[in-house]
Amino acid sequence: MGKEYEFTQIIKDNEGVIFKITTIYTNNQEDQKDLYQEIVYQLWKAYDSFRGDSKISTWMYRVALNTAITRIKKEKRRGNQIGIDKVVMLQTEQYDTAFEERLKILYAHIRGLNELEKGIMLLLLEGKKYEEIASITGLSPSNVGTRISRIKEKLKTQIIKK
Amino acid sequence: MELEEMQSIWSELSGQLEKQKKLTDKMIIMMTQDKFRSKINKIAYPELLGTIICFGSAILILMNLNKLDNWYNMISGIVSLLILIILPILSLTSINRMRKVEIATNNYKETLLSYAKRKKQFQTVTKWGYYLGFILMFTIMPITTKILNNKDLFSETKRVWPFLIAIPLAIVFFIVFSKWVMKFYNKNINSAESLIKELEDTGI
């Protein structure tokens with residue numbers, strides 16, 4: 001199996017995860033497309049340095065989240081973009097409106113968190129255990145627990161405000 | 001919305017996305033190639049163009065230093081020269097540092113911390129660039145007239161009133177514009193600072 005084949009399989013297996021990360025860290029489709037491409041590119045660049053010390057999913061979340069927070073915002077018109085809108089748009093078009101509405105509220109809540117909390121929240125929603133969240137974020141498992149409690153508090157405050 | 005409800009929506013979303021996978025091998029390879037090309041373009045154009053203009057102007061001043069035959073022209077020349085050389089170097093260095101955050105090896109906390117620090121540095125450099133740019137606006141005037149037209153702006157200018165209008169206007173513009181710019185930069189620097197503080201307070 002060639003490196004290229006292995007890599008494309010990893011991306012295909014995790015395209016949904018990349019899509020969710022890009023939705024949380026961007027505010028419009030243009031930025032989302034750009035970030036999607038940037039994450040795939042950074043994963044490709046980092047693939048050689050992946051030695052299997054951690055799980056592939058841990059490595060992937062780490063690179064994807066790091067790319068999302070370090071992306072320097074650019075002007076709107078720039079370069080060509082591969083039509084991932086075909087991927088992303090088809091996915092969202094098929095939802096029913098009620099679900100779409102609930103999803104919007106969920107994203108609004110997450111976007112109200114700070115960068116550190118956003119990452120933790122995403123991993124929590126992805127069903128990651130405290131240990132894995134700790135390994136991706138670099139926090140201790142107990143600190144992850146404290147942060148999650150704070151996030152819950154923050155979410156409650158957001159609901160009260162609304 | 002409670003966390004449990006969020007988790008249920010998220011899991012529904014994950015299920016929908018899982019069913020609708022669309023990426024092909026070709027699209028993935030094209031994405032990496034296209035991004036690589038756009039990265040080269042991004043580095044090549046805006047930053048290098050600005051640097052070339054600054055360095056070009058600096059070389060022009062340097063080659064004509066002998067024409068600056070009195071103390072105020074000489075001071076203006078040296079100040080302009082320093083700003084035109086130092087500013088692009090500082091700006092390019094800080095942007096480059098921001099780009100060199102170790103995405104592949106750092107964990108999320110390290111990346112956030114490192115990026116926030118570099119972002120703060122970049123914003124500070126940009127803020128100083130703005131102040132220095134304002135100084136440059138004034139220092140470049142006498143040397144431009146001297147180098148390009150061989151005229152001394154202060155002793156050979158017959159009409160003073162254009163300056164009496166232009167200089168106060170430039171100052172007013174600077175004050176208004178600086179307030180707007182500073183508001184933007186301070187907001188960014190403060191948010192970077194609070195993130196750094198929060199992360200440094202967090203024991204691993």
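1. Let's start with how chain A holds together. Take the contacts in chain A between residues at least 6 apart in sequence: 68% of them join residues at least 24 apart. Keep in mind as you look around that this is a predicted model.

2. What is chain A built from? Its secondary structure comes to nine helices and zero strands, so if you walk along from the N terminus, the elements read α-α-α-α-α-α-α-α-α.

3. On burial and surface: chain A has 162 residues, and 57% of them count as buried. The chain exposes about 7500 Å², with carbon and sulfur atoms supplying 49% of that.

4. Now a look at confidence. The average pLDDT of chain A is 80, and 82% of the residues score at least 70. Among the elements of chain A, H7(A) has the highest mean pLDDT (91), while helix H5 (residues 85–93) has the lowest (45).

5. Go carefully around residues 74–91 of chain A, where pLDDT stays under 50. The model does have 38 contacts beyond four places in sequence for this stretch. Still, where pLDDT is low, the predicted coordinates should not be read in detail.

6. Finally, see where the two chains meet through helices. Helix H7 (residues 115–125) of chain A packs with helix H1 (residues 3–19) of chain B at an angle of about 65°, their axes 9 Å apart. Angles of 65 to 115 degrees count as roughly perpendicular, so that is the word for H7(A) and H1(B). On the H7(A) side the contact is made by Met121(A), Leu122(A), Leu124(A) and Leu125(A); H1(B) brings Leu3(B), Met6(B), Gln7(B) and Trp10(B). By class, that gives seven nonpolar residues, one polar and no charged ones.

Conventions: Residues numbered from 1 in each chain as written. Chains lettered and ligands numbered in written order. Predicted model: local features only at pLDDT ≥ 70, side-chain atom pairs only at ≥ 80, totals over all residues. Heavy atoms only, no water. Axes fitted to C-alpha atoms, helices over the stretch in contact; angles between N-to-C directions. Helix = DSSP H or I, 4+ residues; strand = E, 2+ residues; numbered from the N terminus. Parallel < 35°, antiparallel > 145°, perpendicular 65-115°, else oblique. Contact = heavy atoms within 4.5 Å. Nonpolar A, V, L, I, M, F, W, Y, C, P; charged D, E, K, R; others polar. Buried < 20%, exposed > 50% of the residue type's maximum accessible area, 1.4 Å probe, protein only. Areas by Shrake-Rupley, 256 points an atom, 1.4 Å probe, with all protein chains shown as cover. pLDDT = per-residue confidence, 0-100.
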